[in-house]
Amino acid sequence: MKYNIAIVEDEKAARAALEEQIAEFAKRNKNAEFEVTHYPNAVDFLSKPFDKFDLIFLDIEMPLMDGLNLAHKIRERDDDVSIVFVTNMKQYVIRGYEVDADDFILKPVTYEDFSMKLERVIKKILNKKDIVKFKINDDGVIK
């Protein structure tokens, strides 16, 4: 299955490390394919449509707007997308519950930690896709 991932990270080295981890995961899991788009900051991310993403990796400490504020803005428009914070600041973990974050990855990112967490998030994404969503309008018609 193909997954669309966004990485919102201002540090090039951290962004590259995440991309390497994703590539390694894809190599080891042949049934998973990833399309990765990266953004250097939250403002750039918000300026583009982001409804195509299954998963968003967010750095917490970024210029212009931090990852927690960005996550709140994402949740205003999309309460289904999976969010994983990537940070070196353990104290932010508790605040991630405010935006229903799926997980946290501490920098520097190790493959063992990353792969375990990505596998868990992928299972959540698959479960969400299996749920049939519908609406019933005022006339009782299912949409």
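1. Is Val8 buried or exposed? Val8 is buried, because its relative accessible area is 0%, and the cut-off for buried is under 20%. This value, like the others in this note, is computed from a predicted model.

2. Val8 is found in strand 1. Leaving aside residues up to four places away in sequence, Val8 touches Tyr39, Asn41, Ala42, Phe45, Ile56, Phe57, Leu58, Asp59, Met62 and Leu70.

3. For the chain as a whole, 43% of the 143 residues count as buried. Among contacts with a separation of 6 or more, residues 24 or more positions apart account for 62%.

4. The protein chain contains four helices and five strands. Their pattern along the sequence is β-α-β-α-β-α-β-β-α.

5. What is the order of the five strands in the open sheet? The order is 2-1-3-4-5, and the pairing is parallel. Strand 2 (33-39) and strand 5 (103-106) are the edge strands, each pairing on one side only. From one strand to the next, the twist averages 20°.

6. Helix 1 (residues 12-28) packs on this sheet and touches strand 1 (2-8), strand 2, strand 3 and strand 4. The direction of helix 1 makes about 175° with that of strand 2.

7. As background to the next pair, strands of a sheet pair through backbone hydrogen bonds, either parallel or antiparallel. Strand 3 (residues 55-59) and strand 4 (residues 82-87) run parallel and are joined by five bridges. Leu58 stands opposite Phe85 in strand 4. Leu58 is also one of the residues that Val8 touches.

8. The volume of the largest pocket is about 190 Å³. Eleven residues line the largest pocket, and the closest to its centre are Phe53, Asp54, Asp78, Asp80 and Val81. Which element gives the largest share of the lining? Helix 4 (residues 111-130) does, with three residues.

Terms used: Residues are numbered from 1 along each chain as its sequence is written. This is a predicted model: local features need pLDDT of at least 70, side-chain atom pairs count only at pLDDT 80 or more; totals for chains, interfaces and linings use all residues. Side-chain values use heavy atoms; hydrogens and water are left out. Helices (H or I, at least four residues) and strands (E, at least two) are DSSP runs, numbered from the N terminus. Buried means under 20% relative accessible area, exposed over 50%, partly exposed in between (1.4 Å probe, protein chains only). Contact means heavy atoms within 4.5 Å. Two strands pair if DSSP finds at least two bridges between them. Axes are lines fitted to C-alpha atoms, for helices over the stretch in contact, and angles run from 0 to 180 degrees between N-to-C directions. On a 1 Å grid over the protein atoms alone, a cavity is a set of points where a 1.4 Å probe fits but cannot get out, and a pocket is an open set with protein on both sides within 12 Å along at least five of seven lines; lining residues have an atom within 4 Å of a point. Grid points are joined across faces, edges and corners, and a volume is the space filled by probe spheres set on the points.
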